[in-house]
Amino acid sequence: MPNLTAKLARHIVGYRGAGLDRAALTVAKQCVLDWYGVTLAGADEPVARILREEMATSGQGSSSIVGFDLRCSPVDAALINGATSHALDYDDVHPLIGHPTAAVLPAVLAIAEAKGRSGMDVLRAFIAGYEAAGFVGSLVMRSHYERGFHATATLGSFGAAAAAGLLLDLDEAQMAVALGLAGTQAAGLKSMFGTMGKPFHAGRAAANGVLAARLAARGFTANASVLEVAQGFIATQSDGDPSIDVPLPPRGSLVVETLFKYHAACYLTHSSIEAIKLLRRQLSFSGPDVASIDLHVAPGHLSVCNIASPRSGLETKFSLRHTAALAACGKDTAAIQTYSDANALDATLAMVRERVTVHGDRGAGRDAHVRITTSRGQTAETAFDVAIPDLDLDRQGGRLVAKFHSLADPVIGAERASMLQRQIAQLDEDHDIRMLMAA
């Protein structure tokens, strides 16, 4: 039986002296920028407010709550910042992990600020944690997700523990314990989608990782073979085979596959949205002109984002039919205010929504094939797949800067947002992460 946990622990610790590809560092900084935008924009969401009221205080603790003059312990800061960053469901995606940055980066920032680590330390730990989560994902996906587990919550706990452990200078044995403690805390159910429970998953994963690493540093014990042991993570939470010695990903190879969201809804709705936008330009129709829209997607979409008749703005983010209606009616699907309670109940959108049929008859990917027929008898169809990483990092960076400002400017003002953007762009040159947190 291969000792997968020990192999992963050794790999994580090896990040301390390893060189990192420039592309990996570039995408990592893009992840940080995107995370700050969605976190600032999500700060007024009920889930963020309730958690702040429950846990945060003014002037106490070593770690900051982004956007507020509030501090608390690293564990609580990771929870609040993580949940806030996922509150709008507008954060980045990786097929093996779910939403990696929302789970891993809050743990990194909480520990790095408490310890006064550098910006390069932050990027190194973030990439290590991101890719540790991805490795565990390669051992258990897709069966793990199909069983009803939310990978952001479960795999994110491993990633957060790896990242926090790297910043706390854990050795290999301690890191294996931290992974064990992360695994025994890992939880999160897809049945929570459409509620505050989903963003809570991201925050809980970040907090799990911080606590696991801090306890391991103090000599806490756990089963150091959590991945492969009988009744361990692989055996209990997937159909994976713990006897297979899966290779580790080359350092920096997973973070560059990050998929960024340009629509403020569940990522599995994005291919359909993009396809409908293409067809709308081709056929020049307005929403009420639609006679029918047929969405052909993977069967897995139906258990994630197929709320047929959403009654709230949050539920509309998880409704293929409603997001299709938004796109068909020309609504701005990038704007967070589009996913409102009022739009959930809008008569025109509801009428178009009733003309949308969702078919779960494609493969296991994230692509969509869309066919639209208008009331004038026009018919057109096209396919789109948002699960293909953008290889042009400059183009991707430009889109993310625009998204960041659209989210951050209304919250902290254009001048402060520009300052924050510049600091993140130079993060690998920053000698103390506390300067970024103070910004």
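Biologist: What gives the most to the lining of the second largest pocket?

Modeller: α19, with 4 residues. The model is predicted, so local features need pLDDT of at least 70 and side-chain atom pairs 80 or more, while totals for chains, interfaces and linings use all residues. Residues are numbered from 1 along each chain, and side-chain values use heavy atoms, without hydrogens and water.

Biologist: What makes α19 (434-438) a helix?

Modeller: A helix is a DSSP run of H or I with at least four residues, and a strand is a run of E with at least two, numbered from the N terminus. α19 spans 434-438, and α2 (22-42) and α18 (414-425) also each supply at least two residues of that lining.

Biologist: What makes a residue part of a lining?

Modeller: Having an atom within 4 Å of a point of the pocket, which is an open set on a 1 Å grid with protein on both sides within 12 Å along at least five of seven lines. The second largest pocket has 19 such residues, with Gly-67, Phe-68, Met-437, Ala-438 and Ala-439 closest to its centre. The largest pocket has 28, and Arg-142 and Tyr-145 are among those nearest its centre.

Biologist: Why are β4 (356-359) and β6 (379-384) said to stand at the edges?

Modeller: Strands pair if DSSP finds at least two bridges between them. The open sheet runs β4-β3-β5-β6, with mixed pairing. β4 and β6 each have a single partner strand, so one side of each is left without a neighbour in the sheet.

Biologist: How do you know that β3 (residues 290-296) and β4 pair?

Modeller: They share 4 bridges, in the parallel sense, and at least two are needed. His-296 stands opposite His-359 in β4.

Technical notes. 1 Å grid on protein atoms, 1.4 Å probe; cavity = no way out; pocket = protein on both sides within 12 Å on 5 of 7 lines; lining within 4 Å.
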